[in-house]
Amino acid sequence: MDVLIAPLALLVERRFGYSDRLTASIGHPVMWFGALIGFLETRLNTETRSPAQRKLAGVVALILVLLAVLIVSVGIRTVLSWLPFGWIVEMLLATSLLAQKELGRAVGAVAQAMRQSLAAGREAVSHIVGRDPEVLDEAGVARAAVETLAESTSDGVVAPWFFLVLFGLPGIALYKAVNTADSMIGHLNARYRDYGWAAARLDDVLNWIPARLSAVLITAACFLTPNASPSSAWATARCDARKHDSPNAGWPEAAFAGALGFKLGGPRAYDGEVVDLPAFGAGRAELNAADIERALGLYRQTLNVLLALSTFVAVIVLVS
């Protein structure tokens with residue numbers, strides 16, 4: 001049923017997303033994961049511990065988070081398996097851990113805000129990136145939005161779908177727990193370098209296949225997207241992805257850059273400190289709101305290709 005649930009989850013989540021009313025009343029699963037991760041971090045990641053003790057504490061915290069998520073998700077799935085149409089509820093629960101609609105909305109909001117003013121664009125992009133928005137010019141805001149769209153296509157859509165297909169609700173829940181932990185504590189600063197080591201490494205392992213699959217899907221989507229180059233998308237991904245410090249993040253980002261003729265990446269500022277990151281692609285770096293909308297067009301076609309792939313896999317399973 002996991003393979004059959006996946007295309008339905010993609011369809012439903014893309015159309016409806018996660019209700020703002022639900023978020024306001026009960027929160028969101030990622031918020032629940034984050035609350036547990038934050039609770040453990042404040043108690044285990046203390047300054048009195050040595051680097052080795054912090055690393056061990058991070059491993060223990062990650063195990064506790066994953067055990068909690070596993071127990072709850074398997075318990076829910078077991079109860080649902082006893083119900084006549086429990087698989088529908090499982091599918092609906094899985095949609096909360098996909099991010100197609102919200103990602104497109106958030107990036108589209110940056111393009112709309114940029115058409116009003118640079119200040120509005122900086123404010124909108126600050127909700128989706130960790131870099132300092134106040135130092136970004138128009139091109140910097142646009143690149144930040146496109147880079148986030150590219151990377152989140154992998155870890156916000158393709159990777160959750162991948163683990164939903166393989167392991168159902170527990171699979172997608174465990175993946176999102178690891179990904180949330182990495183985004184919260186997997187940083188190379190003094191506070192998290194040791195404590196977040198386990199979360200960052202496990203996130204790298206889990207995203208290895210989805211990141212490369214994302215580059216393939218983006219390349220395929222170029223055939224459906226006006227003025228997008230599939231050959232350049234794949235060539236840039238293969239050539240430039242390895243430049244990224246992350247073994248995975250460079251694949252979708254480089255594929256987007258090559259597909260659309262952009263130059264992404266490069267230096268950026270975090271908390272007042274400039275980090276010199278590599279560039280992806282050899283195209284234009286001076287992007288604007290229209291370029292964000294072009295990237296959103298490629299993103300939507302990538303979602304279509306993913307849905308087609310998911311449906312194809314489901315049909316193969318049905319007839320086999």
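Visitor: Which residues of α11 are buried?
Guide: They are Gly-250, Trp-251, Pro-252, Glu-253, Ala-254, Ala-255, Phe-256, Ala-257, Gly-258, Ala-259 and Leu-260. Buried means under 20% relative accessible area, exposed over 50%, and partly exposed in between, with a 1.4 Å probe and protein chains only. Eleven of the eleven residues of α11 are buried, so the helix is largely enclosed by the rest of the structure. Helices here are DSSP runs of H or I with at least four residues, and strands are E runs of at least two, numbered from the N terminus.

Visitor: Before I go on, what should I know about the model and its numbering?
Guide: It is a predicted model: local features need pLDDT of at least 70, side-chain atom pairs count only at pLDDT 80 or more, and totals for chains, interfaces and linings use all residues. Residues are numbered from 1 along each chain as its sequence is written, and side-chain values use heavy atoms, with hydrogens and water left out.

Visitor: Thanks. What follows α11?
Guide: Gly-261 does, and its phi is positive, near 75 degrees.

Visitor: Let's do aromatics. How many aromatic pairs are there?
Guide: Three. Rings of Phe, Tyr and Trp (its six-membered ring) pair if their centres lie within 6.5 Å; planes under 30 degrees apart count as stacked, over 60 as edge-to-face and the rest as tilted. Phe-162 and Phe-163 form an edge-to-face pair, at 5.2 Å centre to centre with 90 degrees between the planes.

Visitor: Are Phe-162 and Phe-163 buried or exposed?
Guide: Phe-162 is buried at 17% relative accessibility, and Phe-163 is buried at 10%. Another pair is Trp-234 with Trp-251, which is tilted: 6.2 Å between centres and 45 degrees between planes.

Visitor: Where do Trp-234 and Trp-251 sit in the chain?
Guide: Trp-234 is in helix α10 (residues 230-240) and Trp-251 in helix α11 (residues 250-260), so the pair links distant parts of the chain, 17 residues apart. Trp-234 is partly exposed at 31%, while Trp-251 is buried at 15%.

Visitor: And which residues make up a ring cluster?
Guide: Phe-162, Phe-163 and Tyr-175 are linked into one by ring pairs.

Visitor: Which charges lie over the faces of Trp-197 and Trp-208?
Guide: Lys-55 lies over Trp-197, 4.8 Å from the ring centre, and Arg-212 lies over Trp-208 at 3.9 Å. The rule asks for NZ of Lys or CZ of Arg within 6 Å of the ring centre and within 35 degrees of the ring normal.

Visitor: Switching topic: at what angle do α8 and α12 pack?
Guide: Helix α8 (residues 138-185) and helix α12 (residues 289-319) pack at about 10 degrees, with their axes 10 Å apart. Axes are lines fitted to C-alpha atoms, for helices over the stretch in contact, and angles run from 0 to 180 degrees between N-to-C directions. The two helices are therefore roughly parallel to each other, a label for angles under 35 degrees.

Visitor: One more: is Glu-90 buried or exposed?
Guide: Glu-90 lies in helix α5 (residues 86-95) and is buried at 7% relative accessibility. Not counting residues up to four places away in sequence, Glu-90 touches Asp-2, Ile-5, Arg-77, Leu-80, Gly-168 and Leu-169, where contact means heavy atoms within 4.5 Å.

Visitor: What covers the buried residues of α5?
Guide: The cover includes α1 (2-16), α4 (51-81) and α8.

Key
Angles under 35 degrees count as roughly parallel, over 145 as roughly antiparallel, 65 to 115 as roughly perpendicular and the rest as oblique.
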